[in-house]
Structure formats: structure tokens, C-alpha cells
Amino acid sequence: MATIELKQDYYLHNFKALLKTIEQYHASLLTTDEKHWLQSFHQLSADAQMLLIRLLSRKGSLFRFNKLNYDEIRNIDLAKDALIHAHFISQEITDLHQQQVISISDIFSLYTKPELQRLFPTLIEKKDKKVEILLKLESYDDSEYLLSVISEPLVMVQQQTLLAKFLLLFFGNSHQDLSQFVLSDLGLHKFENYRIDASTQLFHTTEQVDQWLALTQLSDLYWRAHETKDYDTISSLVPLLPKAASWLPLENKRQKLINRIARDLERNYQYDIALALFRQTERTPSRERQARILMAQQQYQAAYDVVKNIQHDPKNEDEYGVSLRLEKKLAKSVNQIFTAPKTFAPKDIQLQLANPERQRVERCAARYFESQGWTVFYLENQFLNSLFGLAMWDIIFAPIRGSFINPYQLAPLDMFNSEFYLKRKDLIDERLLAIEQGHFDGWQTHFETKQGISNYWVHWELFSQQALTLALSHIPPTQLVMMFRRLLKDLRHHRSGMPDLIMFNNTGYQWVEVKGPGDKLQDHQLRWLAFFDQHGIPAQVAYITFSTPSED
């Protein structure tokens with residue numbers, strides 16, 4: 001693949017593409033000030049536009065101007081003056097400090113420890129750490145003196161949070177940013193060409209946007225506290241959590257955050273608060289955590305009631321499986337008899353193999369089966385998932401309202417909830433019927449014409465033409481449909497747990513889950529193996545031990 005060189009002003013082009021989409025589809029969601037910001041931006045020179053984008057893209061909002069150096073900006077001083085004149089940036093640092101927009105720590109954190117020692121030789125001791133230096137300066141009673149020592153221009157970006165809103169409106173999420181444009185420009189990510197217009201957009205009111213941004217800010221605070229295990233800060237976020245939202249995307253985001261906060265507080269033994277939080281959400285593993293907290297508090301009957309509630313209406317197979325284990329633990333404490341469900345024992349084979357090169361156990365197993373005449377692919381979940389992606393490609397990217405809101409999506413927004421199947425039921429059922437009748441129209445075409453285009457399900461780097469050809473010639477169509485139907489029942493959870501190896505020979509095919517010494521089958525793997533057994537799909541577990549040199 002030829003190296004792609006970006007033009008020096010590539011980011012200006014990308015930013016303007018972002019703004020064009022905002023103005024075209026989201027103008028009704030912008031305030032008067034935000035519309036004025038856009039108008040003012042378009043009136044700037046290219047140099048000033050590039051400097052502003054550079055500053056917006058950097059971490060923080062305060063910068064030492066003399067440290068900025070961008071070759072593509074011909075006159076950075078004129079660009080700075082234009083941005084100041086248009087109120088995009090300010091260099092009135094003293095005024096900003098007096099207005100409490102920035103703190104002394106914000107300002108002097110821009111400097112290294114040696115630089116601070118040179119600036120304030122009488123205030124700072126050599127042994128002081130930088131964090132201690134900043135605390136000293138923050139508590140110093142003459143901020144005017146501190147600021148007077150600065151002899152270079154500092155600039156602060158105004159309305160920096162506006163970029164977060166623009167990115168949210170464009171991408172419909174809080175994790176993609178301007179780097180996505182670059183990955184696409186470099187050819188590292190290619191995306192399907194699907195329809196995007198005003199009717200497909202995620203946000204419909206300014207309240208939805210504002211609430212999403214506020215929740216994102218809260219989530220960012222949580223993650224910073226989570227990384228340092230700052231449970232005091234995490235606890236302080238609880239009163240700030242918003243009430244339940246009627247808009248489903250926002251409510252899903254809210255419940256995810258609540259579950260995370262509650263789990264951390266549970267780990268910190270703040271059981272009452274954690275329990276109250278978990279009771280506010282319906283997302284897994286909320287009910288499991290409620291039961292475990294109640295068990296820790298020795299409220300066994302209440303825990304048992306939660307477990308039986310799960311069994312009455314499980315969210316998914318994982319939740320149901322956990323409930324059985326919890327019921328077994330609780331039964332004696334609540335004077336109940338636990339009847340263990342019949343366990344499934346998959347077919348297995350015991351193999352003792354040499355491994356002089358210390359390869360992964362799956363590679364050793366694959367090499368053994370190849371010696372037995374099989375053509376073996378070590379693809380794990382990627383085999384069936386890729387087949388599903390090829391079979392359903394045009395349906396996955398069908399122009400369903402609200403599915404696609406930006407040009408950089410691997411899948412529709414509803415890919416992993418029940419709405420995906422319900423909105424496309426007729427299309428999917430018709431496709432499954434065609435497959436069942438032995439018609440694989442489009443699979444090969446999709447493999448050839450969509451090569452390298454990002455699709456959540458198709459793993460181009462692993463899935464090959466040979467794997468596709470053998471799958472279509474060896475796997476009975478009815479069995480393919482059975483496997484796809486299981487996927488469709490719960491795309492989020494059933495996309496994993498499939499056996500490590502898929503292999504083919506002259507007479508048929510076989511799934512093989514490989515387990516090395518001490519490795520056990522996980523619940524989701526057992527469920528796939530049980531499904532295969534129920535439907536007559538050939539599968540087995542290979543338990544591997546390694547021979548020592550003397551045994552070879």
C-alpha cells in the first residue's frame with residue numbers, strides 16, 4: 001500500500017467539513033452565540049483559522065504563545081492578533097485570573113519545575129516537587145506580583161467547550177474526535193457509503209444535546225476519579241446524577257454511568273449507596289450486584305427474591321446463568337431446596353502434543369489437526385461473525401431512519417439492541433429463507449467489492465477467501481441459518497464464545513474449542529457448544545497437555 005502524505009492544511013479541510021455538516025443538519029440546535037461563532041470563524045484568514053483549530057485540538061485551553069510553532073501558518077503573530085480581535089482567544093491573563101476564569105495553578109502549570117525555580121528563586125526550594133510548588137504559588141498572597149514575573153505572551157482559547165458540542169452533533173457520541181478524519185484521510189479506515197441527511201440525526205432538541213454534554217462531563221469526572229480510586233470524589237458525584245430521561249439514548253448513557261459508580265462504591269463497601277444506585281437501573285449487571293450486596297449484608301431473603309426475579313425475566317443468558325449460581329449459594333439460608341439444572345457435557349478429545357517452539361495452545365492444536373488432513377482456521381468468533389457480516393451486509397447498511405448519523409460508522413446505531421432485528425425483520429427473514437434454500441447471492445460479491453471497508457462484523461485481516469469458499473461448500477445451509485438466528489437473538493452477547501478452531505476436510509466440517517492445562521470452559525462457550533449439540537452441528541473440545549522432551 002502506497003504511503004499517503006497529507007497536505008499541511010489537512011486539518012483545516014477536515015474542520016470545515018465538520019462545520020459544513022453542523023450548519024447543514026444541526027442549525028436548529030445551535031444558540032445565537034454559536035451561530036455567531038461560526039460566522040466569525042468563516043471570516044478569518046486561513047492562517048487564523050488554522051491557528052485556532054490547532055489550539056482547540058490541544059489539551060487544555062491556556063498556552064505559552066512563543067512555544068507554538070506550525071510550519072503551515074505563514075504569520076503566526078498576525079493570526080494571533082486576528083483571533084484576539086475576533087474574541088476567539090484572549091491574552092489578558094491578569095483579567096481572566098481576577099474574573100476567576102483561570103487560577104494561578106492553571107497559569108504556572110505551563111512551566112517546568114526548573115523554569116519555576118528561575119522565576120521564583122526566593123519562594124521555591126530545590127527539594128520542592130512541582131505539585132508542591134503550584135500549591136505554594138496558589139496560596140501566595142500577592143498574585144499581582146506572581147503574574148508580573150511573566151514576560152512572555154500567554155493565550156487562552158475562548159469557548160473551547162464549543163468543539164465538544166460540534167463533535168457530538170457530528171458523531172453522535174462522545175468518544176470520536178477530529179483524529180477520525182485523519183485515519184480516513186490516510187486510508188487506514190474506509191467506510192461504507194450510506195445515506196445521511198437531516199432525518200437520520202440523533203439529536204432533535206437543544207435540551208437533548210445539553211443533557212448529553214452535561215452527562216459526558218460527569219462521566220469524565222468519574223473516570224478520572226476511578227483511575228486513582230478516589231472514592232470520595234466518586235461519592236460526591238452521586239447527588240449530581242440526573243433524573244431518569246425519557247429519551248432512550250440518554251437514559252442508556254445515564255444507566256451505564258450509574259452502574260459504574262455503584263460498582264466502585266460497592267468495592268469500597270459503601271453498600272447502602274451502591275444498592276440504591278443499582279436499583280435505579282435496568283441494565284445488567286444491576287440485579288446481580290443488588291443480590292450480591294444484599295448477601296454481603298446478610299439480607300438473604302431479599303437477595304433470594306432478586307435472584308428469582310432474574311430467573312422469571314432474565315435480560316440475557318449470562319444473567320440467567322449467574323442467577324442459578326447465586327440461588328445455589330442462597331438456598332440453604334432461606335430454607336429452600338436448590339435443584340441444579342442438568343449440566344451439559346460436550347464431546348471432547350484428549351491430546352498430548354509436543355510444543356518445542358512454545359506456541360499458543362490453539363496453534364499447536366491446529367497443527368495437529370492439519371496433520372490429520374484437516375484445513376484449519378484459528379479464527380475464534382471472527383469466523384461466524386464475518387459470515388454474518390457478509391450475508392447481511394446490505395441489510396446492516398440499509399437506509400433505516402436514525403441508523404447512520406456520520407460517515408464514520410462500523411454499524412448502525414441500533415446494532416446491539418432489539419430494535420436492529422425488529423426494524424429489519426422482513427429483510428432479515430427473507431434473507432434467512434434464501435440461505436436456507438441454498439442461495440448465497442451477494443456473499444462473494446460483498447467479499448470482493450467491499451474488501452477493506454469497515455464493518456463491525458467482518459474481520460478482513462483474518463477472514464480469507466478460502467475460509468468463505470469452504471464454509472459455503474461444507475456447512476449445510478440450514479445450520480448456517482440456525483447459527484445466524486442465535487446471533488440475532490442477542491447480538492451483543494452471542495457475538496463471542498464460539499470455538500477457537502473451524503476446520504474442514506473432504507467429508508465435512510468441525511468446530512473445536514481448545515483448552516490447555518488448567519483452562520476451563522466459560523459459560524458463554526458452554527452455551528454455544530450446547531447449542532451446537534442440540535442442532536447436530538459438529539463440535540468438540542480438545543484438551544491439550546504438552547509432552548516433555550523425554551516423552552517425545
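**Entry 1: a pair of residues to begin with.** I started at Glu513, which stands opposite Val541 in strand 10. Strand 9 and strand 10 (residues 539-546) run parallel and are joined by five bridges. My rule for pairing is that DSSP finds at least two bridges between two strands. Helices (H or I, at least four residues) and strands (E, at least two) are DSSP runs, numbered from the N terminus.

**Entry 2: what I am looking at.** I noted that this is a predicted model, where local features need pLDDT of at least 70, side-chain atom pairs count only at pLDDT 80 or more, and totals for chains, interfaces and linings use all residues. Residues are numbered from 1 along each chain as its sequence is written, and side-chain values use heavy atoms, with hydrogens and water left out.

**Entry 3: the whole chain.** I found 28 helices and 10 strands in the protein chain. The C-alpha trace spans about 80 × 60 × 60 Å along its principal axes. Of the 552 residues, 46% count as buried; buried means under 20% relative accessible area, exposed over 50%, and partly exposed in between (1.4 Å probe, protein chains only). I also looked at contacts, meaning heavy atoms within 4.5 Å. Among those with a separation of 6 or more, 69% join residues 24 or more positions apart.

**Entry 4: strand 8.** Which way do the residues of strand 8 (residues 501-504) point? Leu501 and Met503 go one way, Ile502 and Phe504 go the other, and all are buried. Strand 8 pairs antiparallel with strand 6 (residues 375-378) over four bridges, and there Val376 is opposite Met503. Strand 8 is also antiparallel to strand 9 (residues 509-515), again through four bridges, with Leu501 opposite Val512. These two strands make a hairpin, with four residues between them.

**Entry 5: strand 3.** I turned to strand 3 (residues 154-157) and found both faces covered: Leu154 and Met156 on one side, Val155 and Val157 on the other, all buried. Strand 1 (residues 62-64) pairs with strand 3 in the antiparallel sense over three bridges, and Leu62 has Met156 as its bridge partner. Strand 2 (residues 89-90) is antiparallel to strand 3 too, through two bridges; here Ile89 is partnered by Val157.

**Entry 6: the cores.** A nonpolar core is a set of buried Ala, Val, Leu, Ile, Met, Phe, Trp, Tyr and Cys residues joined through side-chain atoms within 4.5 Å. The largest has 80 residues, and Phe15, Trp37, Phe41 and Leu51 have the most contacts inside it. Helix 10 (residues 161-171) gives the most to this core, with eight residues. Apart from it lies another core of 54 residues, including Phe397, Phe404, Leu491 and Phe532. I then looked up Leu51: leaving out residues up to four places away in sequence, Leu51 touches Phe65, Leu68, Tyr70, Ile73, Ile76, Ala79, Lys80 and Leu83.

**Entry 7: helix 20.** Why do I call helix 20 (residues 382-391) largely enclosed by the rest of the structure? The reason is that 10 of the 10 residues are buried, among them Gln382, Asn385 and Ser386.

**Entry 8: helix 14 and a partner.** Helix 14 (residues 248-267) packs with helix 15 (residues 271-278) at an angle of about 160°, the axes lying 8 Å apart.

Technical notes:
Axes fitted to C-alpha atoms, helices over the stretch in contact; angles between N-to-C directions.
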